[in-house]
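Hi,

Here is the structure I promised to pass on. Have a look, and my notes follow below.

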Amino acid sequence: MRIALTIAGSDSGGGAGIQADLKTFHRFGVFGTSALTLVTAQNTIGVQAVHTLPVEVIAAQIDSVASDLRPHAVKTGALGTRAIVEAVADAVERLELGPLVVDPVLISKHGAALAGPDVAEALAARLLPLAALVTPNLHEAAALAGRAVRSEADMAEAARAIAARGPKAVLVKGGSLGGAEAVDVLFDGAEVRRFAGPRIETRHTHGTGCTFSAAITAGLAAGLPLTEAIGRAKAWIGKAIEAAPGLGAGTGPVNHDLRP
């Protein structure tokens, strides 16, 4: 069995973060391991508290996993502070981990900040150059590219701008853009590719970004080429949104209990 590692935060509501990543790895037939970076008190209504863990504890978790359950692919989620970004980057370099998928989580679905104001620049300086793929949403793409992202053309330009900062490929997620289709735009360093699926009208979209990037990571861990991993993950996340169980009074989770 192939192994994947998620380095991310905990969502006590179970719809995003470490919890969503491990559920997704399992559904894709990949053994999931984890290194916890921060703890949130969170439900479908909002984020009530955020507590970051000491960097030495985070580094120790990564070392422990890599020494015995060496991952075939790694993803990062919410990292919280510049110091955590730097500690994770140090560990990835020192242990030669990869391929690395960086999901640059800066803000929750509810609008709560999950990272300090200097984290975007730390991500760009330290983690992006190590990444096989970066998966920002529209807000995160704008922060990393330093420009507004309001259209599909803007997504392609932002992907190119972010790729110039070092990652091998950038997938800008356009789920919140509007329109009849949910479109994501990939720039792999050579060409732009479009991944589209039908837009599903629902309020139950909590954890879609984490879940999508985890599904891609699982594909990479299984040895799939990048575009195949993205295409498979895109089809699955659409089904997971469509089959959302309708939990909670706010933005509920997707259905992780579907096989790809």
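How many bridges join S1 to strand S2 (residues 31-42), and do they run parallel or antiparallel? Eight bridges join them, and the two strands run parallel. A quick word on terms: helices (H or I, at least four residues) and strands (E, at least two) are DSSP runs numbered from the N terminus, and two strands pair if DSSP finds at least two bridges between them.

Before you dig in, this is a predicted model, where local features need pLDDT of at least 70, side-chain atom pairs count only at pLDDT 80 or more, and totals for chains, interfaces and linings use all residues. Residues are numbered from 1 along each chain as its sequence is written, and side-chain values use heavy atoms, with hydrogens and water left out.

Back to S1 (residues 3-11): nine of its nine residues are buried (under 20% relative accessible area, 1.4 Å probe, protein chains only). Ile-3 has Phe-31 in S2 as its bridge partner. On the other pairing, S1 and S4 (residues 73-76) are parallel over four bridges, with Thr-6 opposite Lys-75.

Then there's H5 (residues 138-145). Its buried residues are Leu-138, Glu-140, Ala-141, Leu-144 and Ala-145. They sit on the same side of H5 because they cover an arc of only 160 degrees around the axis (taken from the directions from the helix axis to the C-beta atoms). Their cover includes H4 (119-127), H6 (152-163) and S7 (170-173), counting contact as heavy atoms within 4.5 Å. After H5 comes Gly-146, with a positive phi near 70 degrees.

Cheers

Methods:
Buried means under 20% relative accessible area, exposed over 50%, partly exposed in between (1.4 Å probe, protein chains only).
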